[in-house]
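Look at the chain as a whole before turning to its parts. The paragraphs below go through its pockets, its domains and its cavity in turn.

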Amino acid sequence: MATPRSLGRLHYFNQRGRAEIVRLVCAYGRVPLEEVEEPLGREFLARKPAFPCGQLPMMEIQGKLYSQSVALARYAARQVGLYPRGDDLAALKVDMVMDACADIHVPVLRATFIERDPESRAKLAKALVKHTLPGILRGLHERVGGDSGEDGPFVLGQTLSVADIVLFDVLTNRLEPNREALPIDYASDFPKLVELARHVSLVPPIADYLRVRNTQKTTF
């Protein structure tokens with residue numbers, strides 16, 4: 001399969017945020033990705049009606065605008081060989097993991113960033129640690145490895161997919177930076193997830209991207 005020269009123009013803030021999974025997928029495929037940095041604050045609110053669904057990230061692809069980070073990552077993954085072809089059950093497993101990661105992102109963002117009242121933040125974080133996160137993380141932990149007797153560090157066993165990249169992102173960009181507010185012992189409770197993240201970080205094109213990214217001044 002030929003790798004496209006470019007997947008389009010990615011619009012987002014100067015942050016990792018919800019756009020990072022698209023960047024990671026493109027980095028894996030060594031696909032050039034043009035980025036347009038969008039302003040924050042009032043300028044963003046003024047431009048918001050022009051975005052699909054009024055949200056970012058957004059991509060310009062062949063002259064049309066598309067949004068929703070998971071959908072964009074899935075599209076990019078198909079272009080670079082990170083999404084199962086011809087195996088509906090493998091694709092279902094990948095989609096399930098990606099959707100479960102989205103279920104983590106929103107409440108964690110609310111408890112660590114959106115909610116401004118310290119007391120309310122603490123209550124939200126406590127509920128996440130006690131109730132929400134353990135169940136989702138346990139389910140994800142059980143999904144690591146192949147389904148046909150094949151073992152391996154990734155969701156599909158030995159085969160890297162976009163599900164691993166999305167899971168890597170939620171672990172390293174959403175949960176790990178908020179470890180103080182969300183004290184979970186990942187190494188003891190979810191060792192497969194820790195190993196998955198480590199293996200993803202060692203994939204050569206992703207490792208190259210991370211080395212550059214970690215020298216840049218961007219927020220999470």
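α1 (20-28), β2 (34-37) and α9 (204-213) each give at least two residues to the lining of the second largest pocket. Helices (H or I, at least four residues) and strands (E, at least two) are DSSP runs, numbered from the N terminus. A pocket is found on a 1 Å grid over the protein atoms alone, as an open set of points with protein on both sides within 12 Å along at least five of seven lines; lining residues have an atom within 4 Å of a point. The model is predicted: local features need pLDDT of at least 70, side-chain atom pairs count only at pLDDT 80 or more, and totals for chains, interfaces and linings use all residues. Residues are numbered from 1 along each chain as its sequence is written, and side-chain values use heavy atoms, with hydrogens and water left out.

The second largest pocket has a volume of about 300 Å³, where a volume is the space filled by probe spheres set on the points, and grid points are joined across faces, edges and corners. It is lined by 18 residues, and Glu20, Arg23, Glu35, Tyr209 and Gln216 are the closest to its centre. α1 gives the most to this lining, with four residues. By class, the lining of the second largest pocket has eight nonpolar, four polar and six charged residues. Here Ala, Val, Leu, Ile, Met, Phe, Trp, Tyr, Cys and Pro count as nonpolar, Asp, Glu, Lys and Arg as charged, and the others, Gly among them, as polar.

Next come the domains. The domain assignment gives domain 1 (9-81 + 206-211) and domain 2 (88-203); such bounds come from an automatic or database domain assignment. Taken over C-alpha atoms, the centres of domain 1 and domain 2 are 21 Å apart. The contact (heavy atoms within 4.5 Å) takes 15 residues from domain 1 and 18 residues from domain 2.

How much area do domain 1 and domain 2 bury between them? The figure is about 1,300 Å², 70% of it on carbon and sulfur atoms. Buried area is the accessible area (1.4 Å probe) that two parts lose on being put together, summed over both. On the side of domain 1, Arg18, Arg74 and Ile206 supply 34% of the area buried against domain 2, more than any other three residues. One salt bridge is counted between the two domains, a salt bridge being a side-chain nitrogen of Lys or Arg within 4 Å of a carboxyl oxygen of Asp or Glu. Arg74 forms a salt bridge with Asp95, with the closest N and O atoms 3.0 Å apart.

Where does the largest pocket lie? Domain 1 and domain 2 both give residues to its lining, so the largest pocket lies between them. It holds about 820 Å³ of space. Its lining has 28 residues, with Tyr12, Phe13, Arg18, His105 and Leu109 nearest the centre. α4 gives the most to this lining, with six residues.

The structure also holds one cavity of 30 Å³ or more; a cavity is a set of points where a 1.4 Å probe fits but cannot get out. About 110 Å³ of space lies in the largest cavity. Among the 13 residues that line the largest cavity, Arg18, Ile21, His105, Val166 and Asp169 are the closest to its centre. Both domains give residues to the lining of the largest cavity, so it lies between them.
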